[in-house]
Amino acid sequence: MKKWLTKLEQILLFALPVVIFFAYFPVIKLGSDSTMNFELSLPLIWLAIFGVISLFRLPAIYRKIGRKRLFLLFAFPIYLLLSVFWSANPVRGILTAGIFWLICLSAANLFTQNLSKTALKQLLKIYLISSVAVATFCLIQCILDVSGVARDYTLLCAGCTYRTFGFTHPNGFAIEPQFMGNLLIAPCIIAILVFYQNIKDKKGKCKICKSLLLSFYLIMVLYVIFSRGALYAFGIAMAIVTIYNIVKERSARALLLPAVMLVAFGAGLLFQGILAELSPTTEGFADGIARSVNQISLGKIDFRAKTSTDINTSSASNSSTFNGYVEESTDTRLNLNDYALQTWSQSPKTIVFGVGLGGAGVAMHERTLAIDAKEIVQNEYLSILLELGLVGIFTLLVSLNSLLWRDLKERQFGLAFAAICLAYLLTFGFFAGLPNVLHIYLFTPVLYLLNRKKLI
């Protein structure tokens, strides 16, 4: 490969830990049709350039992983492309297939990169610094919002402002809080496990304190972002890590992990209470905390004022929209899951082959007009099942096995990498699609390399 392409590839590689955080802003709007919006983001532009460069790397990738493994690796992308022929929405299908092929080429390139420990350490450092910077921007969004700064300047989504609960739940540079929260899952897991490892290795107090502060700060902001999917996934992954460490070490020292998490969550909760107190709404500190707990517990924990209801009945312009747990958001997701299963099971053809890549929204709309054709299944697993059928599930498993079988056989997955993968797998139950979560597909190969070098 030419030297200038190699140089560009290296520049893009070290830009990746920064670019992934700009998942939606800035955005280039290219128009829309009745079934989808056409938009470009920085991660998509990065992917297009790096994916094309990766085409020139195919001979090297082929030599490294072999013909059989390469074919099995691309079994799923090949089936994706074929499914466009029977897709209920071929335009969306072609675009999605194109993005996924670029992801596969880029991931194969990243997986086979022979990066030194020094280069990987630099990538990890840039990643954590970027995480802190974007987390800080999220807090700034909150402060600006309750100070009356317009959304045009804060970049907050329509439902992210203090008008919803009385406190802001920021979305950073992502389109929604759930995707911003997802972006912070890996940094939070890495930071807290580095802190724990520093304690186990009896590192100096300065190093332990720095890693503790990093963990505390990122986890606190994760709570402030207020994405239930991200919080649940992070919490479950860390609960399993804690239990694993307790059993392995036969010591209660691992309880430090949930202790740090709970204190950080508590700080985030207090910050939300302060935001509610400072916001122009009638809600105060106690209201903010009560509503936060009610929403995050799916309405199971409720110590709101007796007069509170799910939606404010007051017509005052300075009242927030919701007083607590918003059942509608959960019900909508569950209804979409139900519609997806009904559409998938409508015939033997859709059960086996699906409705075609990109066709979920149109297929559900044709079955029930209550669903907009632009709608997507808010569950990646059900989305794959609906669009690609049982054959799609099978080819996906074949490709994943080809990619990871050696590491699974040799038990090469470190605790941090395994926890991140588990958390990401859990979050797939809360959304579907590629553009808003490109960080999962693009930076996980880098995390894999960090894992192989035992740097996380």
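The expected span of a helix is 1.5 Å times one less than its number of residues. Keep that rule at hand for this tour of a predicted model, where local features need pLDDT of at least 70, side-chain atom pairs count only at pLDDT 80 or more, and totals for chains, interfaces and linings use all residues. Residues are numbered from 1 along each chain as its sequence is written, and side-chain values use heavy atoms, with hydrogens and water left out.

**Stop 1: helix α14**

Select residues 285–296, helix α14. Helices (H or I, at least four residues) and strands (E, at least two) are DSSP runs, numbered from the N terminus. The twelve residues of α14 should span 16 Å at 1.5 Å a residue, and the 17 Å between its end C-alpha atoms agrees with that. Nine of the twelve residues are buried, so α14 is largely enclosed by the rest of the structure. Among them are Gly 288, Arg 291, Asn 294 and Ile 296.

**Stop 2: helix α15**

Next, pick residues 327–344, which make up the 18-residue helix α15. From first C-alpha to last, α15 reaches 26 Å, close to the 26 Å expected. Show the side chains of Thr 330, Leu 336, Asn 337, Ala 340, Thr 343 and Trp 344, which are buried. They cover an arc of only 160 degrees around the axis, which puts them on the same side of α15; the arc is that of the directions from the helix axis to the C-beta atoms. Turn to the other side of α15 and you will find Glu 328 and Leu 334 exposed.

**Stop 3: the β1–β2 hairpin**

Move to strands β1 (residues 27–32) and β2 (residues 37–41), which run antiparallel and are joined by five bridges. Two strands pair if DSSP finds at least two bridges between them. Here the two strands form a hairpin with four residues between them.

Which residue of β2 is the bridge partner of Lys 29? Select Glu 39 to see it. The side chains of Lys 29 and Glu 39 also meet in a salt bridge (3.2 Å, N to O). Lys 29 lies in β1 and Glu 39 in β2, so this pair ties together parts that are ten residues apart in sequence. Lys 29 is exposed at 56% relative accessible area, while Glu 39 is partly exposed at 29%.

**Stop 4: more salt bridges**

A salt bridge is a side-chain nitrogen of Lys or Arg within 4 Å of a carboxyl oxygen of Asp or Glu. How many does the structure hold? There are six salt bridges. One of them joins Asp 302 and Arg 304 (2.8 Å, N to O); Asp 302 is partly exposed at 45%, whereas Arg 304 is buried at 16%. Then select Lys 200, Glu 249 and Arg 253, which are linked in a network of salt bridges. Within it, the closest N and O atoms of Arg 253 and Glu 249 are 3.4 Å apart.

**Stop 5: helix α2**

Finish at α2 (42–56).

Notes. Buried < 20%, exposed > 50% of the residue type's maximum accessible area, 1.4 Å probe, protein only.
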